[in-house]
Each structure stands twice: as C-alpha cells, then as structure tokens.
Amino acid sequence: MSVIITILLGLASRKFSHLLSEFVAENAGDVIWAMMVYFGFRFLFVQKRLFIAILLSFLFSFGVEFSQLYQADWINQLRGTVVGALVLGKGFLTVDLFRYTTGIVLAAAMD
C-alpha cells in the first residue's frame, strides 16, 4: 500500500506543482520516487533486515541516476516514453543523488 500511496503522491507533486512552493515542487518528485523504491524493496524483502532495503534502494536509485550518463538510441527511446521517463529519468543531475538520499532516509525513518 505504501508503494501505491507514494506513486500517487509523486504523480500529484508533478501535476499540482504550481500549488507548491518552488523548493518543494523542484525536489518532491525525486524524494518521493526514492521513497517508493525503498518501500518496494522493503515489501520484497520484509523478512530481511532494514539495512538490506536501505542498501538496495541506494544501489537501485544511484544506479538509475548514473545510467543516465549512457545515451544510446535504444535507451533514449525508452526514456522518451512516460513510463521510461518516470523509471529511468532523462538526464544525470548530481543533486538527484541528494534527493534520493533524503527520500530513502525519510522512508526508512517512517518504517
């Protein structure tokens, strides 16, 4: 359920960004995306230690971000779709690593 709620919150943060402060609108999507990744791994590995979900969340999130440095035609076509852009992103930004860290830490703290 937490994954679904975070997906809805993330989509809402994009759709209603004009109603949010500039700082929140600019950062919320990536923070919430990383929270969703954490909750997904926590769901998949519920019997494992909390550290496993945190570690996998960092590896996945940072892996996706660094994969954006790879610019082959086939993956850029995937990124050109709505789902591809939501999952793979569009371009590498160092600040996204800080946003992902914030989201994972917040989700783990809530957990």
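Predicted model: local features only at pLDDT ≥ 70, side-chain atom pairs only at ≥ 80, totals over all residues.

Q: How far apart are the end C-alpha atoms of α6?

A: They are 25 Å apart. At 1.5 Å a residue, the 17 residues of α6 should span 24 Å, so the two values agree.

Q: Let's zoom out. How many helices and strands does the protein chain have?

A: It has six helices and zero strands. Going along the sequence, you get the pattern α-α-α-α-α-α. The radius of gyration is 14 Å, close to the 13 Å that the globule rule gives for 111 residues, so the chain is as compact as a globular protein of that length.

Q: What size of box do the C-alpha atoms fill?

A: Roughly 40 × 35 × 25 Å, taken along the principal axes.

Q: And how much of the chain is buried?

A: Buried residues make up 33% of the 111 residues. As for the accessible surface, the total is about 7100 Å², and 74% of that belongs to carbon and sulfur atoms.

Q: What about contacts between residues at least 6 apart in sequence: how many join residues at least 24 apart?

A: That share is 58%.

Q: Switching topic: how many salt bridges are there?

A: The structure holds four. One of them is between the side chains of Arg99 and Asp30, at 3.2 Å from N to O. This pair links distant parts of the chain, with Arg99 in helix α6 and Asp30 in helix α2, 69 residues apart.

Q: Are Arg99 and Asp30 buried or exposed?

A: Both are buried.

Q: Which other residue does Arg99 meet in a salt bridge?

A: Asp96, with a distance of 2.7 Å from N to O. Asp96 and Arg99 are three residues apart in helix α6, so about one helical turn separates them. Asp96 is buried, as is Arg99. Salt bridges that share partners tie Glu26, Asp30, Asp96 and Arg99 together into one network.

Q: Which residue does Asp111 pair with?

A: Arg42: their side chains form a salt bridge at 2.6 Å, N to O. Here too the pair links distant parts of the chain, since Asp111 is in the segment after α6 and Arg42 is in helix α2, 69 residues apart.

Q: I'd like to hear about α3 next. Which of its residues are buried?

A: Ala53, Ser57, Ser61, Val64 and Glu65. Seen down the axis of α3, they fall within an arc of 100°, so they line one face of the helix. The helices they pack against are α2 (22-44), α5 (82-88) and α6 (94-110).

Q: How does the span of α3 work out?

A: Helix α3 has 18 residues (50-67), which at 1.5 Å a residue should span 26 Å, and its end C-alpha atoms are 26 Å apart, so that agrees.

Q: What does Leu50 touch?

A: Leu50, which lies in helix α3, is in contact with Tyr38, Arg42 and Asp111, leaving aside neighbours within four places in sequence. With 34% relative accessibility, Leu50 counts as partly exposed. Its C-alpha atom is 31 Å from that of Tyr70, which is 20 residues away along the chain.

Q: Last one: where is Gly29?

A: Gly29 is in helix α2, and at 8% relative accessibility it counts as buried. Gly29 touches Ser13 and Arg14, not counting residues up to four places away in sequence. Gly29 and Leu9 are 20 residues apart in sequence, and their C-alpha atoms are 8.3 Å apart in space.

Notes. Residues numbered from 1 in each chain as written. Heavy atoms only, no water. Helix = DSSP H or I, 4+ residues; strand = E, 2+ residues; numbered from the N terminus. Expected span 1.5 Å × (residues − 1). Buried < 20%, exposed > 50% of the residue type's maximum accessible area, 1.4 Å probe, protein only. Arc of directions from axis to C-beta. Contact = heavy atoms within 4.5 Å. Rg over C-alpha atoms; globule rule 2.2 N^0.38 Å. Areas by Shrake-Rupley, 256 points an atom, 1.4 Å probe, with all protein chains shown as cover.
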